[in-house]
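The sequence and structure come first.

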Amino acid sequence: MAKISFSVGGGKGGTGKSVVAANLAITMAQGGKRVILLDADLGAANLHTMFGIDRPRVLLEHFFRREVPTLSDALTDTAISNLKLICGGMPLPGSANPHHATKIKLIRHLRDLDADVLIADIGAGTSYNVLDLFNFADVRVVVFTSQLTSVHNGYGFLKAALHRHLQRIIPVPARQYLASAGAHAGDESLADMLTRLASYDVAAAETARTSLANYQACLVGNMLGSAREGYVINAVSQMVRDHLHLEAPVIGLIHHGEKITRSVNERTPFMLRSGIEANAELFRKMAATLVINAERISRARQEALVNQAVMDKYKEYERRFPRFKLCVPVQFLAEGEVYSGATKNIAKGGVGVFFDTMIAPDTPVGVLRIGPMGKSGTLKIRVEVRHRLDDKKLVGFSFTEISEEQSHFIEAMVARASATAALNVPGIRSSLPPNILQN
Ligand SMILES: Nc1ncnc2c1ncn2[C@@H]1O[C@H](COP(=O)(O)OP(=O)(O)OP(=O)(O)O)[C@@H](O)[C@H]1O
Ligand SMILES: [Mg+2]
């Protein structure tokens with residue numbers, strides 16, 4: 001699986017998106033990453049010519065037309081052993097506009113590619129195809145020059161990409177509401193749109209806000225003639241912060257360089273023969289910044305997935321063994337330690353417990369005392385840890401070696417908890433059955 005992904009876009013044609021994407025890909029590959037560079041300029045693919053490849057044997061179109069089964073079968077080797085290309089082809093009629101389903105399939109397959117890094121070179125324009133391919137990546141890079149038209153286009157592109165991103169995560173009714181309420185996506189500020197959304201669906205607005213807060217984008221200035229032109233790119237970053245409420249830092253300012261122009265004409269990428277020079281150093285710094293950031297994001301995503309999996313398992317367990325709310329004191333005895341807490345809920349097969357201090361990781365089994373401590377009416381039973389949610393200090397135990405007497409006791413507790421739940425009485429305390437057990 002591609003562990004981290006970047007997209008390089010910018011709306012306007014000719015700002016250097018492909019130059020930046022290609023040289024970042026080479027720099028990362030030279031740094032030891034296994035990189036796949038995708039020519040996602042569906043209308044005018046030409047990345048392969050920058051690598052001196054005349055006629056790639058296999059193109060993205062072959063994948064679209066199902067002439068190759070997977071994207072991995074559409075890889076083309078380059079002069080750098082750990083950098084592969086997915087080439088686009090000649091502009092065939094319609095090739096810039098694959099059907100929605102084809103695009104979704106492409107994005108899904110991109111995620112499954114076996115590489116450390118995937119970089120997508122995005123074409124010009126703000127069509128949905130362009131925006132969706134730009135948005136799919138973990139980190140999005142927008143390339144500007146300091147020209148006013150480029151600044152306008154780049155800013156407009158990022159705004160359109162953000163709107164499109166929101167459109168895709170907001171539930172359909174809320175989306176329809178936003179569309180029907182008049183304001184055109186292009187005219188309304190994001191803040192206004194979110195306020196309007198909150199008035200219709202608070203939860204959707206919250207999801208949108210979180211999603212925007214996690215939207216990773218950064219800016220690159222290219223073909224700069226002087227240090228002063230760099231300020232223009234920094235001003236764009238400020239504008240993005242003020243008006244789109246997005247932190248999009250400037251991660252690189254590449255100068256206009258004769259060697260870069262020549263590298264394109266001579267079809268050997270700049271970073272393959274740059275030697276020591278300022279622009280090469282800038283590409284290296286930029287690549288390092290991008291990789292560090294994306295790896296951090298990737299780790300966080302992995303952790304979130306693991307947490308989600310644990311949560312799903314726990315929910316499934318709760319669904320299979322109906323549990324009822326019960327709040328009584330608990331002590332857990334394991335490995336010579338005593339942990340205190342309170343039950344969250346109880347089922348015939350086990351009990352959920354919130355602990356004051358989370359139990360140690362290496363305590364798979366122990367003894368649980370349920371009920372008012374030191375008094376009669378406490379159930380003492382052997383348990384096994386089934387699930388643990390460390391951040392919530394919550395542990396799901398299942399009862400083991402239940403004696404008949406214990407079983408009656410548990411059933412009575414469950415019956416009482418379930419009856420109270422049916423009556424919808426909040427917060428049951430010490431609702432223990434009268435026949436008291438001590439063992
Ligand atoms: N830093 C640079 N210094 C000098 N020339 C550059 C630089 N970056 C790009 N160029 C020149 O600009 C041309 C356009 O660059 P590139 O093809 O990367 O733009 P693009 O944004 O990908 O364009 P398109 O939207 O058409 O795909 C290149 O052929 C190259 O000659
Ligand atoms: Mg290009």
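Two residues are in contact if their C-beta atoms, placed from the backbone, lie within 7 Å.

## Basis

This is a predicted model, in which local features need pLDDT of at least 70 and side-chain atom pairs count only at pLDDT 80 or more, while totals for chains, interfaces and linings use all residues. Residues are numbered from 1 along each chain as its sequence is written, and chains are lettered from A and ligands numbered from 1 in the order in which they are written.

## Nonpolar cores

Leu24 touches Ile119, Phe283, Met286, Ala287 and Leu290, leaving aside residues up to four places away in sequence.

A nonpolar core is a set of buried Ala, Val, Leu, Ile, Met, Phe, Trp, Tyr and Cys residues joined through C-beta atoms within 7 Å; buried means that 20 or more other C-beta atoms lie within 10 Å of a residue's own. The largest such core has 88 residues, of which Leu24, Ala25, Val35, Leu37 and Ile119 touch the most other members. Helix α1 (residues 17–30) gives the most to this core, nine residues. Helices are DSSP runs of H or I, at least four residues, and strands are runs of E, at least two, numbered from the N terminus. A second, separate core holds 23 residues, including Leu326, Ile370, Val383 and Met413.

## Ligand 1

Around ligand 1 there are 18 residues (C-beta atom, placed from the backbone, within 6 Å). Gly13, Gly16, Lys17, Ser18 and Val19 come nearest. Two or more residues of the shell come from each of α1, β7 (217–224) and α11 (258–265).

## Helices α8 and α9

Leu194, Leu197 and Ala198 in α8 meet Val202, Ala204, Ala205, Ala208 and Arg209 in α9.

Notes. Buried ≥ 20, exposed ≤ 12 C-beta atoms within 10 Å, placed from the backbone.
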